[in-house]
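Please find below a colleague's note on the structure under discussion. It is set out as numbered points, each of which may be read against the coordinates.

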Amino acid sequence: LDVKCGSGAFMKTEADAYDLATNLVRISEAMGKPTSALITRMEEPLGRAVGNSLEVVESIACLQGNGPEDLMEVTRLLCAEMMRLGGLVQTKEEALPIIENAILSGEAFAAFRQLVIAQEGDISTVDQQDRLPRANICHPFHYEGEKRAYVSSINALDVGQLVARIGAGRARADALIDPSVGLYFHKKVGDPVVPGDLVCELHLNDVKFLEVSLQLLRSAIVYAESKPDKPDIVIDMLSGN
């Protein structure tokens with residue numbers, strides 16, 4: 001399990017995340033299911049893509065060894081723990097080289113293609129990702145400060161609400177999702193920026209959402225003169241066995 005905490009998570013505090021993770025592990029273990037829970041931070045978006053098609057492209061990049069480091073760190077640890085729970089390895093250290101080899105050899109990507117084919121998906125969109133739904137508008141969002149700075153924080157909740165507003169999520173159960181819209185971040189927390197730097201791209205289909213989306217980005221992304229301390233994304237691991 002990946003139990004997140006922070007502004008973009010259901011559990012806002014580490015204490016609440018620990019309580020949820022502990023209870024989930026206990027319940028699963030009581031039902032005879034060996035279970036572990038990673039507790040991870042969700043203060044900023046994980047990876048660089050937010051939105052359905054954009055995240056599919058990023059996921060394929062991960063399987064080909066080109067994924068963002070924060071997303072890959074969590075993914076590797078989840079994979080390693082699944083391998084340990086499944087009895088394939090004894091330790092995380094034993095699992096990690098196997099995972100890396102599966103990526104570098106192409107085995108991981110090949111397995112994903114097999115999954116798409118088995119579920120009667122359109123395999124052409126995996127091999128030719130420009131066939132995935134694309135938004136009509138790709139609008140750049142630049143750093144508007146007047147001097148060099150660092151990205152200090154990116155509020156994940158604000159980002160999630162923004163992409164939901166432009167169609168990537170549902171406000172009600174019967175609402176349609178637009179798979180083409182979203183955000184792609186070129187800068188993450190801790191990255192330096194100079195005036196005019198491209199911070200992210202906004203992908204949307206309706207220009208009426210553009211100005212309000214830019215205003216939301218201006219409040220969601222905070223800058224500072226000094227490079228911020230960036231804590232580890234993985235807080236802890238709870239295991240029932």
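The points below cover the basis of the model, its pockets, its cysteines and one threonine.

1. This is a predicted model, in which local features need pLDDT of at least 70 and side-chain atom pairs count only at pLDDT 80 or more, while totals for chains, interfaces and linings use all residues. Residues are numbered from 1 along each chain as its sequence is written, and side-chain values use heavy atoms, with hydrogens and water left out.

2. The largest pocket has a volume of about 420 Å³. A pocket here is an open set of points on a 1 Å grid over the protein atoms alone, where a 1.4 Å probe fits, with protein on both sides within 12 Å along at least five of seven lines; lining residues have an atom within 4 Å of a point. Grid points are joined across faces, edges and corners, and the volume is the space filled by probe spheres set on them.

3. Of the 21 residues that line the largest pocket, Met42, Val50, Glu55, Gly160 and Val163 lie nearest its centre. Two or more lining residues come from each of β3 (49-50), α2 (52-63) and α7 (156-168), and α7 gives the most, with eight. Helices (H or I, at least four residues) and strands (E, at least two) are DSSP runs, numbered from the N terminus.

4. The lining of the largest pocket comprises twelve nonpolar, seven polar and two charged residues. Ala, Val, Leu, Ile, Met, Phe, Trp, Tyr, Cys and Pro count as nonpolar, Asp, Glu, Lys and Arg as charged, and the others, Gly among them, as polar.

5. The second largest pocket holds about 360 Å³ of space. Its lining has eight nonpolar, four polar and eight charged residues. Arg41, Glu43, Glu44, Lys230 and Pro231 lie nearest its centre. The largest share of this lining, three residues, comes from β5.

6. How many disulfides are there? The count is zero, a disulfide being a pair of cysteine sulfur atoms within 2.5 Å. For Cys62, the nearest cysteine sulfur, that of Cys79, is 10 Å away.

7. Thr125 belongs to helix α6 (residues 124-127) and is buried, with a relative accessible area of 18%. A polar atom of the Thr125 side chain lies 2.7 Å from the backbone oxygen of Asp122. Beyond its neighbours within four places in sequence, Thr125 is in contact (heavy atoms within 4.5 Å) with Arg131 and Leu132.

Definitions and conventions. Buried < 20%, exposed > 50% of the residue type's maximum accessible area, 1.4 Å probe, protein only. Polar contact = N/O pair within 3.5 Å; in protein donor to acceptor, adjacent residues only side chain to side chain.
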